[in-house]
Amino acid sequence: MSTPPAIEVRNLSVGYEDINAVRGVSFTVPAGGRIGLVGESGSGKSMTALALMGLLPAGWTAQGEVMHDGLNLVSQSDRALSSRRGRTISMVFQDPMSSLNPVRRVGDQIADVIHRHNGVSRREAVRQTIALMVQMNLPRPEQLARSYPHQISGGQKQRIMIAMALACYPQLIIADEPTTALDVTVQKQVLRLLKAATSERNSALLMITHDLPVIAAMCDTVAVMYAGRIVEYGPVQQVFRNPRHHYTRGLLDSQPTMDNIALDGTSRLVSIPGMVPPLQRLPSGCAFNPRCPAATEKCRAEMPELDRDGAACWHPVQTRETAIA
Amino acid sequence: MSFAPTTTTTARPKRRRRRNLTLTIGIVVTVAFVAMALASFFYLPHNPNVPRIPDRLLPAGSPGYLLGTDALGRDIFSQLMVGARTSLMVGAGGALISLIIGTLAGLSAAAFGRVADETISRGADIMLSIPGMVTALVLAATIGSGALTTILALSSFFTPSFTRVIRSAALSVLQEDFITAARLYARPTWFILLRHVLPNVAGVMIVQFTLYFAAGILTEAGLSYLGVGVTRPSISWGMMLNEAQQQVGISSPLAMWPGLAIVIVVLGLNLLGDGLRDVLDPKLARRA
Amino acid sequence: MISRQPLLAMQQVSQAYSLPRTALFSPPGSFTVLDSIDFDVCAGEAVGLVGESGAGKTTLTRIMTGMERPQSGRVLFDGIDIWSAGQAERADFRRSVQMVLQNPRSSLDPRMRVSTALLEPMRSLRIEGDHVKRLHEVLDQVGLDKSALDRFPHEFSGGQLQRIAIARALMPNPRVLVADEPVSALDVSIQAQVLNLLKDLVRNLNLGLVFIAHDLSVVAYTTSRVSVIAGGRIVEVGQPVELFTRPKAPQTKNLVDAVLTVESGLSGTAL
């Protein structure tokens, strides 16, 4: 066929000592594609992202295959990985305050990435930096480039991070909760920018968040994670309109969005009872069974795999009763 | 600005074993050191100050003299034990005084407003700009050398550093929401400091104390070596080094024992401080 | 609608801070944070305050709870100006207005057991009565098990901590609860639990709830009247449905626009 996928993850497991935060996760991001990874705290989504970048904290190990740029990233040396980080695969982190270097000017931080990976002269890197900042709709780029992170707003910081991530036209950008720390009004601008910039460069996007509307707006495909496994996977239009896994359905029903609340104050959000289980004490069988309205003995006994239609469930939801109108 | 959910897992990697080793060594050395110092009050193999010329410069392992004798026939091991006493008192004394004053100053600077903060911080800066050794020498010249002088000198040197450290730890605790809640209940500031801030900076205090304790021992040894620390009949490891210096050509091991004692104890205390920091910090800081 | 006297009201409240001196002999400049704010809440009513960061929400919260004194305007509790009230009235005010903050991990002293933290307000506000009985009552109200009492904050998840924070706010039997971004730091499925809890408390205990957020949909679900604050001024007040369907102020329009929903995302109209 044509271009190989930006990244192909096969049976990835991430853990430390005898506890696994990620338990056998598989997905493929086609070249230029956009896939969302949905999950709450304890789902393992952030660990997945770190494993892809080779940035796991000390003591954590990854097993499985992560095929990118012709190599299995799991078994690479730090050297091979660092030549790719920032160049073919890059990341936008959640909290711009702690992911930008506070003692260097923001322009320099972008220029560093360009200079290091593209092999151009320092002067050329600076020129490219300014061009990039213009693309990010940043006002007065020459002046802004000389600022320090604490002097600029959250939205601007995040745009700087995106600029750094895009600078070398990577095959894949991983965005881990990129707008969670921002105001809603800024969020929209940043997401719009991310979408446009990635499609313009034909970079694939792996968007990781617990915010479902963001996935709906940004991605074509979605993978829903719970307790370290993917429990539902498929095109976003299909999964969000007709969720088949009860967790996905629960997530959709529990969001106070304008879709499911009656503005006269009569509606009531349906929350998923219970809590995400801690990794050390996962339920047997399907990890969601204690909280699931359709759980049976089989669910407690055997762990389901993803079926043909993309749901890892013994009794998937048949029809969608409460429709998103 | 919102704070987004982080992973519920807490990483406890293999580093824990190495951490415990540091702590263990630190504890062992410190306990041995303190035991030796305290034991010196009850039992000494020989009188460390009385010369016994016939037995001078005996090598280590000689009968009755575990580490041998010095140029005047005095038992080295007994001298080490009494020297440990000095190191303990001076080091701990200096660190303790700095701890008390530094904590009071640091908490006040953090909690009582801009004027208090500026005054205390600038005062600390001024004190820090005077080198410790100079202070020690001036004090020795004016009130005479000795353990007390050294303790004073150490305190004046460590207090401003302590103040800074406590101030910054207190400032970050004061940012937390539970402090806001306490203010909402109209708790007076001194109460908030005592009940909420102090327990949360206790870890920092303990770690700094052990580190300054170690530094104090080293400084005291240096001062005694220069002759401005303690003098006979008190004994200090630094003083032993000075006396051994005259015998370097004749009996080199004389300098080795006090030197080794200093190195081991200072290292042990530093390891203790590091080990404690690793144990205490994760509970305090990395839970967020 | 029956007109009732508001429990807590702010009338023409303004606040300004002075900037640090830039020149030695000229007076320092000042920076207006709040400008003639009118805001109130009645018993059994949930009102919302929405605005972007920097709009003045935090300052307003501090003034509302008596932690800061406004430069001008009045803060009335049960009709009495708290800044010119006597000791007894001030004490009553402090007991009756409680807060729940955004970051659940920061709201509790990590070195204190949950039971101690819950009893804190009773001791400091010098409230008498059977504290232990009250503890159990409050735990029931927020849906927490008694086993939580002996544990430390780090043993709980964010959602549970927020419940504990709400429990602590309920201990002195307040009449007004001020919740500053209470669910922003929580997971989606837990947000629903906490929002439902807040709604139930308003209804069952006849509490006044002031709900502050930057996300309009969360506020719309929980409250019946919303004020939009921007640049230190209230720019629009209305019922959630009106603000969404017929927003008047440009800032309101921005906030409504910024709301992302699954449906608008799927239909491609979101971004």
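**View 1. The open sheet of chain A.** Six strands form an open sheet in chain A, in the order β6-β7-β8-β3-β9-β10 and with mixed pairing. Strands are DSSP runs of E with at least two residues, helices are runs of H or I with at least four, and both are numbered from the N terminus; two strands pair if DSSP finds at least two bridges between them. The model is predicted: local features need pLDDT of at least 70, side-chain atom pairs count only at pLDDT 80 or more, and totals for chains, interfaces and linings use all residues. Residues are numbered from 1 along each chain as its sequence is written, with chains lettered from A and ligands numbered from 1 in the order in which they are written. β6 (89–92) and β10 (229–235) of chain A each have a single partner strand, so one side of each has no neighbour in the sheet.

**View 2. Strands β6 and β7 of chain A.** β6(A) and β7(A) (residues 172–176) run parallel and are joined by 4 bridges. A:V92 has A:A175 in β7(A) as its bridge partner.

**View 3. A helix across two strands.** Helix α7 of chain A (residues 154–166) lies across β6 and β7 of chain A and runs at about 175° to β6(A). Angles run from 0 to 180 degrees between N-to-C directions, and axes are lines fitted to C-alpha atoms, for helices over the stretch in contact.

**View 4. Two helices of chain B.** Helix α2 (residues 76–111) and helix α7 (residues 189–226) of chain B pack at about 145°, with axes 8 Å apart.

Conventions. Contact = placed C-beta atoms within 7 Å.
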